[in-house]
Amino acid sequence: MASSKDYLEFILEQLSYIDGITYRYMMSEYILYINGRIFGGIYDNRFMVKITSSSKKIMPDADEELPYEGAKPMLLVTEVDNRDFLKLLIESMYPELPEPVKKKKR
C-alpha cells in the first residue's frame, strides 16, 4: 500500500515547527530529512524514524517495524499529535544521524 499525500501533509504540518525538514518521494513512499540527513519516513501511512540511542531512549516502548521488505527496522511513531514530543525526538536524533553522502563528480 502506498502512502497518501494527505498523510504526508499531516506529518509535515506536525513537524513544521522544526527547521530544516524536507522530504523526497521515492517508490510510493516519502523519505524525511532534517538539514539533509535522513531521520525517517512515511511508509504505508506509518510515520517511522531511524533507530538511534536517542530515539530508543525517548520511545523505549516503540514497536520496531520494517518500513518495507528487505529494509532495516525502524521505530513506529505513535504520538504524531504531540508537536513538542516530535520536536524533542527529531532534534535529539539529529547529532546521531549520518552526514549526507556527497556525490562524486565525474
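**Pockets and nonpolar cores**

Strands β2 (29-34) and β3 (37-43) each contribute at least two residues to the lining of the largest pocket. Helices (H or I, at least four residues) and strands (E, at least two) are DSSP runs, numbered from the N terminus. The model is predicted: local features need pLDDT of at least 70, side-chain atom pairs count only at pLDDT 80 or more, and totals for chains, interfaces and linings use all residues. Residues are numbered from 1 along each chain as its sequence is written, and side-chain values use heavy atoms, with hydrogens and water left out.

The largest pocket holds about 510 Å³ of space. Its lining has 16 residues, and Ile31, Tyr43, Pro67, Tyr68 and Met74 are the closest to the pocket centre. On a 1 Å grid over the protein atoms alone, where a 1.4 Å probe is fitted, a pocket is an open set of points with protein on both sides within 12 Å along at least five of seven lines; lining residues have an atom within 4 Å of a point. Grid points are joined across faces, edges and corners, and a volume is the space filled by probe spheres set on the points. By class, the lining of the largest pocket counts 12 nonpolar, no polar and 4 charged residues. Here Ala, Val, Leu, Ile, Met, Phe, Trp, Tyr, Cys and Pro are nonpolar, Asp, Glu, Lys and Arg are charged, and the others, Gly among them, are polar.

The second largest pocket has a volume of about 270 Å³. Residues lining the second largest pocket include Arg24, Tyr33, Lys50, Pro98 and Glu99. The lining of this pocket divides into 5 nonpolar, 1 polar and 4 charged residues.

In soluble globular proteins, nonpolar side chains tend to be buried together. The largest nonpolar core in this model has 24 residues; Leu15, Phe39, Phe47, Val49 and Val77 have the most contacts inside it. Such a core is a set of buried Ala, Val, Leu, Ile, Met, Phe, Trp, Tyr and Cys residues joined through side-chain atoms within 4.5 Å. Buried means under 20% relative accessible area, exposed over 50%, and partly exposed in between (1.4 Å probe, protein chains only). At least two residues of this core come from each of α1 (5-14), β2, β3, β4 (46-49) and α3 (83-93). Helix α3 gives the most, with 5 residues. A second, separate core of 6 residues includes Tyr43, Met48, Met74 and Leu76.

Met74 lies in strand β6 (residues 74-76). Met74 is buried, at 8% relative accessible area. Beyond its neighbours within four places in sequence, Met74 is in contact (heavy atoms within 4.5 Å) with residues including Tyr43, Met48, Val49 and Pro67. Met74 and Ile90 are 16 residues apart in sequence and 14 Å apart in space, C-alpha to C-alpha.

Ser55 sits in helix α2 (residues 53-58). Ser55 counts as buried because its relative accessible area is 0%. The side chain of Ser55 reaches the backbone oxygen of Lys50 at 3.0 Å. Leaving aside neighbours within four places in sequence, Ser55 is in contact with Val49, Lys50, Leu75, Leu89 and Met93.

Thr52 is in the loop between β4 and α2. Thr52 is buried too, with 11% relative accessibility. Its side chain makes a polar contact with the side chain of Glu96 (3.0 Å). A polar contact is a pair of N or O atoms within 3.5 Å; within protein, one must be able to donate a hydrogen and the other to accept it, and residues adjacent in sequence count only if both atoms are side-chain atoms.
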